[in-house]
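Here is a short report on one chain.

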Amino acid sequence: MHGILKKRYGQNFLIDQNIVKKICKLISSKNLKIIEVGPGDGRLTEQVINYEPKDLKIIEIDPDLIPILKSKFSKNQNIKIINENILNYQLTGKIDLIISNLPYNISSQILVKICLMENPPNNLILMFQKEFAERLIDKKLNSLNSLVNCFFEIKNDFNVSKNCFRPIPKIDSTVLSFKRRKEIILEKNDVNKFIKFKRNLFSHKRKTLNKLLKDYNFSKKKFDLSLRIEDIELKELLDIFKEINL
């Protein structure tokens, strides 16, 4: 099966059933509305079904995999098989959980898309390349975790050896679970402005905030601007952003 994988889709199939079951044990309850991104040949899907989802949409970009998925799951009325690029698919309505062994080449784009949803899911269970996962759970701010942490609390669940995949990737993976924050710390109508703001700061992260923010008009005495952007807390970054955008 893995002989037909396509590099342009970033495909690496998880073949270790013990890891597949371990991922699914993170599913909190039955009767959830679930989206699985990049199901491949449906090995994870087969285990997700055991948790009796109320509704399960599996979104696969590769048209060659759709007949395989249909042969496995077409008799299950709760499963909808969608041949689409997740980046082009409209994520709307109530979704309880998004679960995925994410295509590595678009991991960051998918996370941003989820954060931009009108109503983000309560939970995410996502596998990333280990280095990418480390950026997300890093205690220091970076361009990626400064956005995602506005919407989700992130938990490091376990690592997965590269030998559990075919073809074998160059690096190990990590499974992270995300729980939607109860409190709103970034308003929806400010998200795109915040993305642009923090992207500009992190593109010059070796400079101090004093230099980076010299052209902005806000109460600078409230903050220690001698620090670099990666050395402040998320709350402080948001406070600066809100001051600037009053």
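## Overall size

The chain has 246 residues and a radius of gyration of 20 Å; a compact globule of that length would have one near 18 Å, which agrees. The radius is taken over C-alpha atoms, and the globule rule is 2.2 Å times the number of residues to the power 0.38. Along the principal axes, the C-alpha atoms fill a box of roughly 65 × 35 × 30 Å.

This is a predicted model: local features need pLDDT of at least 70, side-chain atom pairs count only at pLDDT 80 or more, and totals for chains, interfaces and linings use all residues. Residues are numbered from 1 along each chain as its sequence is written, and side-chain values use heavy atoms, without hydrogens and water.

## Fold and burial

The chain holds nine helices and nine strands. These are DSSP runs, numbered from the N terminus: helices are H or I with at least four residues, strands E with at least two. Of the 246 residues, 48% count as buried. Buried means under 20% relative accessible area, exposed over 50%, partly exposed in between (1.4 Å probe, protein chains only).

## Helix α3

Helix α3 spans residues 66-73, and its buried residues are Ile66, Leu69 and Phe73. Down the axis of α3 they fall within an arc of 65 degrees, so they line one face of the helix. The arc is that of the directions from the helix axis to the C-beta atoms. Pro67 and Ser71 are exposed on the face turned away from the buried side. The buried residues of α3 pack against α2 (43-48), β3 (55-60) and β4 (79-83); contact means heavy atoms within 4.5 Å.

## Helix α9

In helix α9 (residues 234-244), the buried residues include Leu234, Phe241 and Glu243. The buried residues of α9 pack against α6 (145-148), α7 (191-202) and α8 (209-212).
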